[in-house]
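Subject: Structure handover

Hello,

Here is the structure you asked about. My notes follow below it.

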Amino acid sequence: MSISAIASFYATSAATALRSTSGSAASSQSTASKATSESTTVSISNEARQAAATEGRFAVPESVRQAALAELNRVFPPDILDEAQARLQANPGISGSSSATPGMGNLPLLPENEALLAQIKSEMHAAKASNTQGMTNLMPYVRLIHTVQTEGWKTPMTMEDAQREVDIASAMDRLKPASTVAPLSEAEQMKKDLANVAQIQKELAGEIPDQWKQRWNEENLSMPETATTSFPQSIWLGLAKAAGISEEEFLGKARELAGKYSGNTFLQAIESFVSERYVASSGTTQTS
């Protein structure tokens, strides 16, 4: 299953929560003013007004909200901005994916990157356990985990490498032109969220995402008909196996191509490799 699909869904939920909470104070004050001017017989406590103003929303602690605002206002160094701009140009239509190539995440990690991932998770659990005053801002750890999982199959990484990738992804979000599309209504957003959940459930059940099938069809590539996904491994390993390519060979080829291409060009090279092997094997698949 694609970890980016899960990350995207929960990131959207978190952003919605932050926006809702940011507006809750103003809503509460407005409600209080209205109640004072229009009612002389009913006494409503400030706590009740606050609860009414935030009903149905996520409760985001002030510390978490402030951390999110600090992230929005962060100043990036020139080298980060330059790399972010280069990746946006190489991948038209994407935003702050921590991977320079959309869709290549969550492949088996190099041993040293497995260790790095374990270290980040350990620090996250320790931070959560040490906080006795409420919710901890775990988003920095989540971003690092996501980065290692999407980048750690290519080359060895350090904590500094992972953090740099996180910064580049954040800068890409900052540099991406503002959307001219009108925001979705609450009902439309709910429908989109439910569709994302349904897609995740399909991937968990072993199905290749519809958008992958559509992309391969548009590029006149042959996708192995027997391919399935296997959580938590990536969709790519299912495609490779169904095309008669072992995991070791596929990862070796992916690393080789990563040294020659970048962005969508790299993605197309990988897809062509799998498609050509599948056609050449006349549909023969791996049995082990």
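How much accessible surface does the chain have, and what share of it belongs to carbon and sulfur atoms? The accessible surface comes to about 16700 Å², and 54% of that belongs to carbon and sulfur atoms. Areas come from the Shrake-Rupley method with a 1.4 Å probe; for residues, only the protein chains shown count as cover.

Some ground rules. This is a predicted model, in which local features need pLDDT of at least 70 and side-chain atom pairs count only at pLDDT 80 or more, while totals for chains, interfaces and linings use all residues. Residues are numbered from 1 along each chain as its sequence is written, and side-chain values use heavy atoms, with hydrogens and water left out.

Overall picture

The chain has 13 helices and zero strands. Helices (H or I, at least four residues) and strands (E, at least two) are DSSP runs, numbered from the N terminus. Of the 288 residues in the chain, 35% are buried. Buried means under 20% relative accessible area, exposed means over 50%, and partly exposed lies in between (1.4 Å probe, protein chains only). Now take contacts (heavy atoms within 4.5 Å). Among those between residues at least 6 apart in sequence, 72% join residues at least 24 apart.

Helix pairs

Two packed helices are described by the angle between their axes and the distance between the axes. Axes are lines fitted to C-alpha atoms, for helices over the stretch in contact, and angles run from 0 to 180 degrees between N-to-C directions.

Start with helix α6 (residues 111-130) and helix α7 (residues 139-151). Their axes lie 10 Å apart, at an angle of about 165 degrees. That makes α6 roughly antiparallel to α7 (angles under 35 degrees count as roughly parallel, over 145 as roughly antiparallel, 65 to 115 as roughly perpendicular and the rest as oblique). The crossing of α6 and α7 is left-handed. Left-handed means the near helix is turned anticlockwise from the far one by less than a right angle; clockwise is right-handed. In α6, the residues in contact include Leu116, Leu117 and Ile120. Their partners in α7 include Tyr141, Leu144 and Ile145.

Next, helix α12 (residues 247-258) and helix α13 (residues 263-280). The two axes come within 10 Å and cross at roughly 145 degrees. The crossing of α12 and α13 is right-handed. Phe250 and Leu257 are among the α12 residues that meet α13, where Phe266, Ile270 and Phe273 are among the partners.

Salt bridges

Side chains of opposite charge can pair when their charged atoms come close. A salt bridge here is a side-chain nitrogen of Lys or Arg within 4 Å of a carboxyl oxygen of Asp or Glu. The count comes to 11.

- Aspartate 167 and arginine 74 pair at 3.1 Å, N to O. Aspartate 167 sits in helix α8 (residues 159-175), and arginine 74 in the loop between α4 (62-72) and α5 (78-90), so the pair links parts of the chain 93 residues apart. Aspartate 167 is buried at 15% relative accessibility. Arginine 74 is partly exposed at 26%.
- Lysine 154 and glutamate 151 pair at 2.9 Å, N to O. Lysine 154 is partly exposed at 25%, whereas glutamate 151 is buried at 7%.
- Lysine 260 and glutamate 256 pair with their closest N and O atoms 3.4 Å apart. Lysine 260 is exposed at 55%; glutamate 256 is partly exposed at 39%.
- Glu83, Arg87 and Glu165 are linked in a network of salt bridges.

Best wishes
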